[in-house]
Amino acid sequence: MNKGKVDVLLGLQWGDEGKGKVVDVLTPKYDVVARFQGGPNAGHTLEFEGQKYVLRSIPSGIFQGGKINIIGNGVVLAPDLFMDEAKELEKSGHELKSRIHISKKAHLIMPTHRVLDRAYEAARGKGKVGTTGKGIGPTYTDKTSRNGLRVGDILDNFQEKYEAHKARHLDMLKALHFTDFDLEETEKHWMEGIEYLKQFKIVDSEHEINHLLREQKSILCEGAQGTMLDIDFGSYPFVTSSNTICAGACIGLGLGPNKIGNVYGIMKAYCTRVGSGPFPTELFDEDGKKLRDIGHEYGAVTGRERRCGWVDLVQLRYSIMVNGVTHLILMKSDVLDQFKVIKACVGYELKDGTQTKELPYDLEGVKPIYQELQGWHTDLTKMTNEEEFPQQFKDYIKFLEEFLETPIKIVSIGPDRNQTIVRN
């Protein structure tokens with residue numbers, strides 16, 4: 001941890017790497033946790049003390065008493081979903097009102113944004129992106145076309161602003177000939193969410209976060225989704241609508257690049273993907289099914305079955321490069337406990353027959369080149385330190401570190417907070 005700098009935590013694959021658990025494990029060391037992009041399409045699952053929580057919009061530091069949790073300007077916020085999530089947490093005894101600070105510059109997801117999301121996806125036909133339908137894309141589209149509605153707008157003459165934006169959206173839906181929606185109930189609940197938002201601290205988050213840095217507070221910036229879903233560097237067009245990489249923390253919180261300290265990159269010991277898009281190491285055999293079943297690979301928000309495959313080291317090396325990763329965090333190692341042979345993709349064969357170790361512009365039709373490693377066939381979940389790791393697992397970690405040229409700082413061997421080994 002570097003005083004006067006923020007540390008950044010983000011996913012290195014296609015999302016679902018286990019960021020929520022790691023933030024919760026790391027937050028005791030930090031004074032502030034700040035979310036810098038994404039919306040309620042990203043679910044962070046945390047398990048501790050026999051309870052399971054799924055956070056969508058609320059930063060994962062909320063379970064550590066007394067921490068400030070900032071929802072930054074780069075986030076898109078659905079007031080109704082935020083309210084439902086927050087009330088559920090309050091019911092379980094977590095006090096939120098004083099702990100969550102919301103940026104005035106965060107954009108609001110309107111009910112009509114969700115309808116537009118469905119309308120656009122329907123219009124794509126076979127070229128569907130696989131959106132979660134939460135209105136994320138249309139909200140970011142409005143933001144970049146300078147038509148957005150922001151959290152700060154709720155403090156002044158809001159109804160008039162809202163009606164103008166809604167009318168514009170209804171015209172767009174009319175042009176798309178999309179009529180499959182009823183706004184009445186959703187809108188009522190959404191407006192309740194707006195009133196609920198007003199009970200929180202609505203702040204100029206860029207000033208706040210820089211003041212906190214000057215006061216030598218330690219800050220952890222939390223990303224949603226994963227690097228391969230980044231709007232610029234992901235597997236476009238099958239990506240999200242924001243910058244999920246480390247640079248997104250600067251944009252999504254108002255930080256200078258010189259304020260970035262450690263960058264923690266989270267990776268699974270294998271690989272998963274939700275929705276459409278290329279996935280070079282995807283498995284369609286028994287091994288793929290085994291990974292999904294043992295790893296409980298179903299979306300935290302959508303419940304959708306995740307596509308599963310072997311770890312892709314070409315893709316990971318690319319993610320480490322564009323993020324400037326300083327430390328790796330290896331998740332779900334225990335899911336591989338029952339495999340005699342484990343494979344890792346160490347190169348690609350392209351459509352023209354040439355081979356590469358660099359991520360190409362187009363991943364469609366790319367064939368993985370695998371290296372086989374011996375499995376450890378041991379239950380890792382009860383282990384409490386790395387000395388207990390079987391030799392084959394130690395070899396796997398060493399192989400990953402050498403190929404990725406980055407140290408693995410933390411190893412997760414189960415879903416619970418306690419099943420986390422910090423390596424010396």
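# Exercises: pockets, cysteines and annotated sites

The second largest pocket has a volume of about 230 Å³. Of the 16 residues lining this pocket, G234, S235, Y236, P360 and Y361 are the closest to its centre. Keep in mind that you're working with a predicted model.

**Exercise 1.** Work out where the second largest pocket lies relative to domain 1 and domain 3, and describe its lining by class.

*Solution.* 
- Step 1: Start with the domain bounds. Domain 1 is made of 6-103 + 204-265, and domain 3 runs over 267-422.
- Step 2: Check who gives residues to the lining. Both of these domains do, so the pocket lies between them.
- Step 3: Sort the lining residues by class. You get eleven nonpolar, two polar and three charged residues.

**Exercise 2.** Find out how many disulfides the structure holds, and explain the result for C221.

*Solution.* 
- Step 1: Recall the cut-off: the two cysteine sulfur atoms have to be within 2.5 Å.
- Step 2: Look at C221. Its closest cysteine sulfur is in C246, 8.4 Å away, so that's too far for a bond.
- Step 3: Put down the total: the structure holds zero disulfides.
- Step 4: Buried means under 20% relative accessible area. C221 has 0% relative accessibility, so it counts as buried. C246 has 8%, so it counts as buried too.

**Exercise 3.** Locate D16 and decide whether D16 is buried, partly exposed or exposed. Then do the burial check for α1.

*Solution.* 
- Step 1: Begin with the record. An unreviewed UniProt entry gives the annotation "active site" to D16, H44 and K143.
- Step 2: You'll find it in the loop between β1 (6-11) and α1 (19-26).
- Step 3: Read off the accessibility. D16 has 28%, so it counts as partly exposed.
- Step 4: Move on to α1. The buried residues there are K19, G20, K21, V22, V23, D24 and L26.
- Step 5: Conclude. Seven of the eight residues of α1 are buried, so this helix is largely enclosed by the rest of the structure.

**Exercise 4.** Do the location and accessibility check for G303.

*Solution.* 
- Step 1: Back to UniProt. The unreviewed entry puts a "binding site" feature at A300, V301, T302, G303, R304, E305 and R306.
- Step 2: Use its relative accessible area, 43%: G303 is partly exposed.

Conventions: Residues numbered from 1 in each chain as written. Predicted model: local features only at pLDDT ≥ 70, side-chain atom pairs only at ≥ 80, totals over all residues. Heavy atoms only, no water. 1 Å grid on protein atoms, 1.4 Å probe; cavity = no way out; pocket = protein on both sides within 12 Å on 5 of 7 lines; lining within 4 Å. Points joined across faces, edges and corners; volume = space filled by probe spheres on them. Nonpolar A, V, L, I, M, F, W, Y, C, P; charged D, E, K, R; others polar. Domains from an automatic or database assignment. UniProt positions renumbered as here; feature names shortened; annotations may be inferred. Helix = DSSP H or I, 4+ residues; strand = E, 2+ residues; numbered from the N terminus. Buried < 20%, exposed > 50% of the residue type's maximum accessible area, 1.4 Å probe, protein only.
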